Amino acid sequence: MRTQVAIIGGGPSGLLLSQLLHVRGINSVVVERKTKDYVLGRIRAGVLEQGLVALMEEAGCANRMHAEGFIHNGALISYGDEMFRIDFSEHTGTPVMVYGQTEVTRDLYAAREAAGGRIEFSVEDVVIHGADSDAPQVTYTVDGEARRIECDFVAGCDGFHGVSRKTIPDDVRREYEKVYPFGWLGVLSETPPVNHELIYANSARGFALCSMRNENLSRYYIQCSLDDCVEDWTDDAFWAELKRRIPKDQADKLITGPSIEKSIAPLRSFVTEPMRWGRLCLCGDAAHIVPPTGAKGLNTAASDVHYLYNALRDFYENGSEVGIDGYSATALARVWKAERFSWWFSSVMHRYPGQSDFDLKMQIAELEFLRSNKAAQTAMAENYVGLPY
Ligand code: APR
Ligand code: PHB
């Protein structure tokens, strides 16, 4: 088959790019390794920057988000029993949208299906051919049947474990990585959130986060050892540990309940350079990973999509390759700032093995400075709500 843009990966990056291109009359085909139900079964973060909100609006997929999402003008940061608020709107004039990534993905699937978009599920053996030519191809199989897509561009939106990044030759590609010495144990529960805003907690026992999906669906995390298994944690043990890590007044009002999802995620910072090789452009987790502390995973995927979408528009509407040629440098400039914020916030909020008493004093000093300094709060808020595209 022939299309203009072959998109590998039917997660948020691939679907958002496909829908935006469709709105501009640019054809694409999405090939996804899993089934739609599997993709929608993934539990991911839920804080959207205004840039992503605007892209969803441009893609014509924002109605349910605006109806069911929650505008948050700030978030809380605690250390021990101390707690203070960062007012994003006061410092930046911008709030964030709390709306599950699963719902973003669901809305994008619905839009692609309504538009008759071509999405191939359960594909196998995806191979990108001729990425360094002006006539790349993507081959794959579905139920053992071999298929081929001839295209102008390939968008590698296939996540950290996909094939796109590795299509860029080893002698061209450079990777940067930091693996964190802990994980996050996450629980989803059909209980009212403990607070109407998120609470990021630094405690002597480790990090904790209180988040939500709606008035009766809460998302909580506690930092855990990489040696932990989900089976090690009963619901009661999780709730007891969470209560130890958040301020007492919050713990006293925490409503617990059975977990409907419980999982452990490792934390990593990772960046691939370049994000473009010939007619192959990487987007989202295929090119970079952040620790979830700053909620930058989906939001940085969105800025990649914004840059690539506009570069492709420029190519097809104006015959210009300026955007494509500048894609990698432009995307990476913002990616590295998101990596820095996510690394910094993780360094301030978690307990690291081998931290000295001085190191712990530096964490508290950082939080006290953030609590008391307007410029520090503005810088934090600007990063959290999303730096400009
Ligand atoms: N062929 C086809 N599809 C593939 C392949 C492959 N070889 N390998 C992976 N995929 C699919 C995965 O099944 C997944 O659905 O690509 C998709 C990639 O989606 P994500 O991993 O969600 O990455 P992305 O779309 O960039 O979204 C980034 O999702 O993982 C979170 O924290 C991350 O919030 C961030 C966001
Ligand atoms: C979530 O709601 O899952 C979430 C929110 C904020 C984060 C990470 C995860 O920083």
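Author: Let us begin with a term: domain bounds here come from an automatic or database domain assignment. This is a predicted model, where local features need pLDDT of at least 70 and side-chain atom pairs count only at pLDDT 80 or more, while totals for chains, interfaces and linings use all residues. Residues are numbered from 1 along each chain as its sequence is written, chains are lettered from A and ligands numbered from 1 in the order in which they are written, and side-chain values use heavy atoms, with hydrogens and water left out.

Reader: Why is ligand 2 said to lie between domain 1 and domain 2?

Author: Domain 1 (5–70 + 98–177 + 268–346) and domain 2 (180–267 + 350–385) each give residues to the shell around ligand 2, so ligand 2 lies between them.

Reader: Which residues come closest to ligand 2, and how many surround it?

Author: A residue is near a molecule if one of its heavy atoms lies within 4 Å of it. By that rule 14 residues surround ligand 2, and the closest are Tyr200, Ser211, Arg213, Tyr221 and Pro292.

Reader: What makes the pairing of tyrosine 221 with ligand 2 a polar contact?

Author: A polar contact is a pair of N or O atoms within 3.5 Å; within protein, one must be able to donate a hydrogen and the other to accept it, and residues adjacent in sequence count only if both atoms are side-chain atoms. A polar side-chain atom of tyrosine 221 lies 2.6 Å from an oxygen atom of ligand 2, so the pair meets the cut-off.

Reader: How much of ligand 2 does the protein bury?

Author: Accessible areas come from the Shrake-Rupley method with a 1.4 Å probe; for residues, only the protein chains shown count as cover. Ligand 2 exposes 280 Å² when taken alone, and the protein buries 99% of that.

Reader: Which elements give two or more residues to the shell around ligand 2?

Author: Helices (H or I, at least four residues) and strands (E, at least two) are DSSP runs, numbered from the N terminus. The elements that pass are β15 (208–214) and β16 (217–224), with β15 giving the largest share, three residues.

Reader: How do the residues around ligand 2 divide by class?

Author: Ala, Val, Leu, Ile, Met, Phe, Trp, Tyr, Cys and Pro count as nonpolar, Asp, Glu, Lys and Arg as charged, and the others, Gly among them, as polar. The shell around ligand 2 then has nine nonpolar, three polar and two charged residues.

Reader: Now for ligand 1: what are its polar contacts, and how much of it does the protein cover?

Author: Of the 24 residues around ligand 1, Ser13, Glu32, Arg42, Arg44 and Gln101 come nearest. An oxygen atom of ligand 1 is 2.7 Å from a side-chain N or O atom of serine 13, and an oxygen atom of ligand 1 is also 2.7 Å from a side-chain N or O atom of glutamine 101. A nitrogen atom of ligand 1 is 3.0 Å from a polar backbone atom of arginine 33. On its own ligand 1 has 700 Å² of accessible area, and the protein covers 90% of it. Two or more residues of this shell come from each of α1 (12–23), β9 (123–129) and α10.

Reader: What makes a space a cavity, and how many reach 30 Å³ or more?

Author: On a 1 Å grid over the protein atoms alone, a cavity is a set of points where a 1.4 Å probe fits but cannot get out, and a pocket is an open set with protein on both sides within 12 Å along at least five of seven lines; lining residues have an atom within 4 Å of a point. Grid points are joined across faces, edges and corners, and a volume is the space filled by probe spheres set on the points. Three cavities of 30 Å³ or more are counted. The largest has a volume of about 60 Å³, and helix α11 (residues 322–349) gives the most to its lining, with four residues.

Reader: Why is the second largest pocket placed between domains?

Author: Domain 1 and domain 2 both give residues to its lining, so the second largest pocket lies between them. Its volume is about 240 Å³. Of its 16 lining residues, Gly100, Glu103, Arg213, Asn214 and Leu217 are closest to its centre. Helix α6 gives the largest share of that lining, four residues.
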